[in-house]
Structures are given as C-alpha cells and as structure tokens.
There are 2 protein chains.
Amino acid sequence: MRPEIFCESTTIEVNAACELAYHAFEEFSQKSDDDRSKFLLRIADLLQIYREKIGEIYCAESGLTKDRFEGELFRTVRQLINFSNEVKSSSWRNASIDTANVNQQPAKPDLRKMSVPLGPVVVFGASNFPLAYSTIGGDAAAALAVGCPVIVKAHAFHAATSDLVATLVVQAAQETGMPDGVFSHLHARSFRVGQELVQHPCIKAVGFTGSHAGGRALFDLANARKEPIPVFAEMGSVNPVFVFPEFLKDKSKKEKSAEMLANSMISGMGQFCTNPGLIFVIENENSADFIALLSKAFLNKETTSMLHVSIKERFDQGKVKIERQGVDLNHSVLAAGNHSVNRVNQALGLIKGCQFIQDSELQEEVFGPFSMVIDCTDLDEMLACCKVLKGQLTATIIALESELKDQEKLLFQIENKVGRIIFNGVPTGVDISPSMHHGGPYPATTDSRFSAVGIDAIQRFLRPITYQNCPDELLPAELQNRNAMRIHRRVNNVWTTDDVIF
Amino acid sequence: MRPEIFCESTTIEVNAACELAYHAFEEFSQKSDDDRSKFLLRIADLLQIYREKIGEIYCAESGLTKDRFEGELFRTVRQLINFSNEVKSSSWRNASIDTANVNQQPAKPDLRKMSVPLGPVVVFGASNFPLAYSTIGGDAAAALAVGCPVIVKAHAFHAATSDLVATLVVQAAQETGMPDGVFSHLHARSFRVGQELVQHPCIKAVGFTGSHAGGRALFDLANARKEPIPVFAEMGSVNPVFVFPEFLKDKSKKEKSAEMLANSMISGMGQFCTNPGLIFVIENENSADFIALLSKAFLNKETTSMLHVSIKERFDQGKVKIERQGVDLNHSVLAAGNHSVNRVNQALGLIKGCQFIQDSELQEEVFGPFSMVIDCTDLDEMLACCKVLKGQLTATIIALESELKDQEKLLFQIENKVGRIIFNGVPTGVDISPSMHHGGPYPATTDSRFSAVGIDAIQRFLRPITYQNCPDELLPAELQNRNAMRIHRRVNNVWTTDDVIF
C-alpha cells in the first residue's frame, strides 16, 4: 500500500470550518427529522458500499485485525441506523405542554417546551476506535442526528481511514441536500488545531474520547472561554472487578470466571476504555487458586500489535512506573512465537488492599494489557478500597446472588463511583441499546450526567426552549395542538401521543 | 423589631457541614420516595404555620411589601408540593429497560438504567428572592427531592429570614426521620465561606442565582477543582422585547402593550431576573408614540425600596456608566412624593440600532428599574441587533401573528439566544409548570441544558447508572420486572407503565 501524507490544517482552515459550520447551523437545524434521518442512513449505506476499501486502509494503518474491522464497521453502521430511527420518532425533543388556566391564581399561561440543538460541535477522533468513536462514530452521528453541524479533528494514528470516511460523509451530505459546512474534517498531529477549534466562538460543544491529560486540557480550555461550552470527554477508567468469596468456592465457577476475565483483559490488547484493570479478591486459598488460574489464562493469551508505537512505549513506561511503586510484576511472561510490530508483554500485578488504599498512584490507568489483583483481608477492606476509588465507567461484581444480600454498604459505594455495574460478566463489549449508560463520575468523564453510547447520547447536544402563549401555527410541529407526528409528549403532566384538545 | 447579629461561619464549620452532608448522603438517598416526599410536605406545612413570624422578619429585613411576601411564600410552598408530587410519581428516575437477546450478534445483555442523585449540593441564597430562590427555594427543594443533602449559604441581605426558615427545615427533617446533616445552613458576608464550600471535595453540585461576576467566579472555582463539579448559576439577563411595526398601527394595542410593559419593567423595582431591559422597535411615528406612552407610564410608576443600599448604589453607578456611553437618560423623572429608604429613580434610555450593534457594553444589565429602547431603522437592523445579543433567559415578541409569518430568520436568531419566548405578554411572572424553562445560553446561565424552575429542575442533580444482567431481586424497585409503583418506563424502547414480561 502506498503511504499517504496529510497536511496539518492551518489556522485559516480551522476558522473557515468553524464559520461554515456556524452558517450551516441555521439551515441544517431546520431540516426535517426525516431529512436528517436520510442523511444518516445514506452515510451508513456508503460505509457498506466502500467496506472493502475502508477495511484495507483501516487494517494497514491501525494494525487491527480484519475481524475487529468488521465488528467495528457493523457497530458504526448500527449506531447510524439507531440514531436515524430515534430522530424520526421525534421523542428526543422531550416535548412538554401545559395549557393555560386563567382561573388559576396567578393566571397560568400556555407553556410548550422542547429540545433544540446547541450549535456546531467539534469531535476528536479516538485512537482506539478508528470508526465507532471517530470520524462518523457515536459523537459525530449523535450531533448530526439532532441538527448540530460537526467538525472532526482526525486522529493522526488513522488519518487515512478518517479521510476516506470523511469523504463519504461529505458525499452523503451532498446527495441528501444538506448545507455546505454541515461536516468538516481537519487533519492535525499537533495540539494547536484542537485548541483552536475548542476556543472558536462558533463552536458550542465538544466530544472527546482519549486520555485524562487530553480531555482535561480541552475541558479547561472550554471553561476558560468568554462563553464556556460543554466538553463531553470520556477519559478512561480502570474498571474495578469485585470477586466475592462464596462464588470462588465453586470450582467450575472459579475456572469459568478466570477464563472469562482473562479474555476481557486481553480483548483489544487492553486498549478498550472498559478494560478491567483492577481485580479485588478476598485473600484465601480459593482466591489464590483464582489468581493462579487468571494469571495463567491471561499471560498465555496471544498478543497482537498495539495501536501505535507511542502507545506501546507509554505502556512499557507505565509498567516500569508501577514496578517502582513496589508492585511485583514477575507474573509477566513473553508470549511465545509472537513477532508482530508494536508488540508488548501483557502483565498482571499483585498488591495488598492496604497498599492500594495508601497509594493513589496504583489506580492510575496503564493503557494496554495490564491489570492488577488486589488482595483484601476481608470485605471491610474491600469496602475501604472502594471508598478511595476514583470515578469509573464501570464496576463488575462476580458473586453469588445470596452473598450480596447484606452488602448494601459496599453496593452503595460501588454505585456511587461508576456509570454501569455488570453482574457476573465482563465490562468490555458495550452494547448500544437505549438503556446503556457509557459514562461515569469524574475522572471517567467530565460530565457524569450524559452517556457517550446509546440514543440518549444525543441529549448531550440539546437544550430546552419554552414558547409562552405562542399562536398554534407559529409553533414547531412537535408542539402544536394536533400531534401530527404522534410523538410522545407530556401534556399537563401526563405522557401521551394524543392531540391537545380543549 | 430587635436587630439580630449573625456570625460568619468558620472554616471548621464549613468542613463539618460538608462532611455531615456527605455522611448523610448514603442514608438520605436510600430513603423511599414517599419518605422524602413527606419531608418536603412537612417543610411546606411549617412555612405556613409560621407564616406570620416569617412575614414580619421578611418585610422588615428586605423592605419588600406584605403582598410580595404572600406571593413569594405561596410560590415557595407550591414548589415544595410540586416536587413532593413529582418524587412520589418516580417518573423523574428516567427508568429505561432493555431485555436480553442472546440470539442477537453480538449477544445483547439485560440493561436497566435509571437516574440517581449526584451527592451533596451547595445552594446560594439569592438577594432578590428571600424565600422562593433561597433557603428552601427551588434549588434546595429540587436537590432534597431526589436525595441530595443540601448546604445553604444564606444571603446576608436576609440572614434573619433565612435563619428562621432553616430552623423549620431542620425541624421538618427531624420530625420525618431524615438523617443528621441532610440540611445545613451557614451565614457569611465574605466570599470565603462560599469559596470553601464550592471547593470542598464532599460537594458534588452547586446552585446559584445572582450576578454574572459571582456566578462566573463560582463556576471557575468549581471547574478548577481536581474533581470538577457542575455549577448551575443563573446570572441575570436583559430580556429583549421585539416590538413589530404592524402591531403598533392599532391605537388600542399600542396603548395596552405600553402599559403592560411598563408594569413589567417596574415590577419588583426591576429586580427580577426576567426584567425586560431592552426594547427593540422599528423607528417610525407609531413607535415614537409607543415610546412616549411607555416612557410616561414607566416613569410615573411609584417606586418602592431597592433590596439593599448596595444594590441601590450599584444601580446608580450603572446609570452613570450608561450615560457615559452617550445614552440620553433625560426621560428619567423623580416620582413624586416617594420617601422610602433605598429609593432610586427609574430610568429609560434611548439609542439607535447601529449604536447597539457597535457597543457591546450597552447590553450589560443594570440591575433595577432601568430599560433601554433601541430604535432600529428596519427589520434587517433588528435582525442585526439580535445577532450580537448575548445569551438571555427570555425574549418577548409583541406582534400581529400575520407579520411574523415570513420572519423565520429573525425568529431563528431569537430562539438561538434564549431559553423562553413570550408572545404578546411580558417576561416577568415565571410560572412553575413542568413546561417552564427558566434558563438560557451563557451568560444567562452557566448551563443552558437545565432549568432552575419547574419539576425538570431536579434533573440538574441526577446522573444515570446502568445495571447489566443484575438479578431482579437486587435491582432497585424502579427497575424490577414487576412495575409495582406503576412508573413511566421505556421498555425495549416503548414507553409504558406495564410490568416486564418474558
């Protein structure tokens, strides 16, 4: 394959993209839900039509496998279809109507509220998901779905994939009659372009998936603006797993869960944001068995390439840092016969609960196939460990149902730290159903109130507006007396799809 | 009445309140909706039982009238009742259920999502609403409703009212079995106490109503924390009014709307956040008549006291500053026979549209009975004025329905700048129905996505959490298969109050 060269976007190009997006906003946000829905579906079509070409570039550029490409493309397409369906249903408008009551004291006006788009959104491509969280991934698709123009800052690790996908998005925009500037795509390796985008007055929100350092820097920039804007940064997580003692008494359960967890830990070479990085057990002979099984299963897994040489280097540095904290990593072995580029050795650390409580650096994420087992003396120490945990995307509980019955205190602490709790499963594999919450308290994200996955992700790019005593004809169709679209509305505090009748 | 002295809270007291609130959170957030509902109703009861005593202190301290007290108490009580009803309905949980599908590729897990409280909330008393937006006003009631303990920083202008109301809230908490620390009340005149509260690691959100300088300072402090937290600051607005030319051709409409607007402008001595501060007209003889009528009506209104001598001084300084910008204020007259304390003269400025576009300082709020008429040459200049407007809580349109039909561009610009649009009415008088949105783009608020008024105000203090493959018995009642409370849930993307049946 011929290498391609992409040029760093200039400040002039950044400004042009922002101003174009701002001008496109008026027309784009007033397109019908049907029209925007068609735009999203056409993108999905084009992704499938150009599947082979995208796959070739994706695999060459990222080092990820063909299977992974297929899975990620399928997910990206499904996300576009889901958002397209949601937009057509118009329930995302959160329509609410309270009719007037002149007899009330003070007189109650007619009030009708619905959500409208925020304005142009900047999306940063994620290093670890060239498709599903990048150019036309969850963030971009959610913003476009509700009428926010999008500017994508491509991730330099997969610039060519991003460039091809962007071309298809622009083609779909043209074919479905969307305004110029509805989607722009900028290349950059330096921080400058991202910084300029976030600071531009035409930009009204930001979506980011990446490191804590990167997310926090953008969050700080956005808040220092004269007009601060929301930044939805998903910044990683160490996804604690709590393994309960009764569960491990069963030999078959112990073996199965060790294998399941090891598969999750090696999945995507540990480069998923839901990678299980901390495994809490209660120290006894069953847990010692479990650790031995887990360690063996994990360390025997075949490794593939890391996403980029810089991620490989950071992983190796992270391991060295953890070792300096006094953690024994000699569980690590070199998987035999693996000669792929950017290869690393997976590693499993082992520490005591009291060490974990004392040293907050031990819960810093080492991005890649690294996890740490924390041996707790008892459930009280596990609770104490949980209390010092930072905010996380997920927590996983591996337990018998019966042994959780009197663990309210521990379950409350876990709930208080995370956005999703998995029972007897693994955190990797983030389903895109409406009930998925992919988010969590800081530092997992910068805004625990919103999800980056599922149809509710579009709520990040909306704000409400109320019309008071507005003539019916001038109201948006969603709020008129006649509910022509049969959308779900709260009318005088009762949810209904009926017309408003006086 | 005997003057009372309140002491500045110490750092030790601030820390104690925050830690108590944090400890109370576990128990309080797990109280049943019914229990929290009873707590709110008991507060409402006590406010009515002690009505006379509160009224006496309120009027003496604030200089506000008895009528205003009655209205504000009624509103405060109604807010508590509304939140109490909403909490009992449990619809605020935003419950969403997607059942498992093992045949799907990849297999779909069982996912159940609902909203949970953020944690302890700090509320700052507002200078202009000693009851409805202070001690147990909208912010505090909304936070308590969903299980967030509250710490109130009393506003020094009405410390005695706040102190009495706080005593009643604590009494209600004790009578209804709420945990110690569920509500704390701190006095302060300095900024120190507020700053310490916002920076305390136990605090998870902040509600504030006041000046832009104050709100922005708290927002910046909260974002600079190691763990940033949301600040819902409502920071004022100049609430533009757009008067259309055809409407003013009708003599009776012209007279009535001038009188209505003048009443709104003097209401609360212009100290409401929805005070109409900018009035855009199209320059012609009808609008000249309208301005004359408006000016006469407004300037003849009897004035009452401003809330505090410092607000009076800031108002007078604001007028001087506006005059220095070259604005003619000699419309101002001294209302005869008024000798109340902290009295000011209302004032009406008059400028041209081109001046407004060039000088952004002319849209700074002068808190008090001050408004400015902007004479635009035509609707295009009105549109140009609208484009330079900052974010606002409200906009008001005074027009014939027929003359708005081809004004999409102007209406879009207005919508893009505000949280509520009033048709042929006035912005003051904020109803508390569910469909009210009291918020707006920055600098009206720090977060345009949430309302400070109406039952949706509780959404500010919530975040979602998802349970994946959780055994039914361990799920919160709101998410179990049996919908025992008959709450409104999204089940496999359909809204229903039915049980989940397999």
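The following dialogue examines how terms are applied to a predicted model of two chains.

Student: On what conventions does the description rest?

Tutor: The model is predicted, and local features need pLDDT of at least 70, side-chain atom pairs count only at pLDDT 80 or more, and totals for chains, interfaces and linings use all residues. Residues are numbered from 1 along each chain as its sequence is written, while chains are lettered from A and ligands numbered from 1 in the order in which they are written.

Student: What makes Asn416(B) a buried residue?

Tutor: A residue is buried if 20 or more other C-beta atoms lie within 10 Å of its own, exposed if 12 or fewer, and partly exposed in between, with C-beta atoms placed from the backbone. Asn416(B) has 21 other C-beta atoms within 10 Å and is therefore buried. Asn416(B) belongs to helix H15 (residues 408-417) of chain B, helices (H or I, at least four residues) and strands (E, at least two) being DSSP runs numbered from the N terminus. The C-alpha atom of Asn416(B) is separated by 8.2 Å from that of Pro441(B), 25 residues apart along the chain.

Student: How do you know that both faces of strand S8 (residues 240-243) of chain A are covered?

Tutor: In a regular strand the side chains alternate between the two faces of the sheet. In S8(A), Pro240(A) and Phe242(A) lie on one side, Val241(A) and Val243(A) on the other, and all are buried.

Student: Which strands pair with S8(A), and what makes them partners?

Tutor: Two strands pair if DSSP finds at least two bridges between them. S8(A) and strand S9 (residues 278-282) of chain A are joined by three bridges in the parallel sense, with Pro240(A) opposite Leu278(A). S8(A) also runs parallel to strand S12 (residues 392-398) of chain A, again over three bridges, and there Val243(A) stands opposite Ile398(A).

Student: Why are S5 and S7 of chain B called edge strands of their sheet?

Tutor: The open sheet has five strands in the order S5-S4-S3-S6-S7 (chain B), with parallel pairing. Strand S5 (183-186) and strand S7 (231-234) of chain B each have a single partner strand, so one side of each is left without a neighbour in the sheet. For S7(B), the pairing with strand S6 (residues 205-209) of chain B comprises four bridges, and Phe208(B) stands opposite Ala233(B). The twist averages 15 degrees from one strand to the next.

Student: How is the direction of helix H6 (residues 159-175) of chain B against this sheet expressed?

Tutor: Axes are lines fitted to C-alpha atoms, for helices over the stretch in contact, and angles run from 0 to 180 degrees between N-to-C directions. H6(B) lies across strand S4 (150-153) and S5 of chain B, at about 165 degrees to S5(B). Helix H7 (residues 192-199) of chain B lies across strand S3 (121-124), S4, S5 and S6 of chain B, at about 160 degrees to S4(B).

Student: What makes residues of chain A and chain B count as an interface, and how many take part?

Tutor: Two residues are in contact if their C-beta atoms, placed from the backbone, lie within 7 Å. By contact, 52 residues of chain A meet 52 residues of chain B. The largest share of the side of chain A, seven residues, comes from S14(A).

Student: What joins the two chains in a sheet?

Tutor: Three bridges join S14(A) to strand S13 (residues 418-423) of chain B, and the two run parallel. Thr466(A) stands opposite Arg420(B) in S13(B). Within chain A, S2(A) and S14(A) pair in the antiparallel sense over seven bridges, where Lys113(A) faces Thr466(A).

Student: Why are the copies said to be related as by a two-fold rotation axis?

Tutor: Copies are superposed by least squares on the C-alpha atoms of residues with pLDDT of at least 70 in both. Chain A can be laid on chain B with an RMSD of 0.0 Å by a turn of 180 degrees and a shift of 0.0 Å along the axis. The two copies are thus related as by a two-fold rotation axis. Among the residues of chain A, Asn223(A) comes closest to the axis, at 3.7 Å (C-alpha). The same surface serves both copies, as 100% of the contact residues of chain A recur in chain B.
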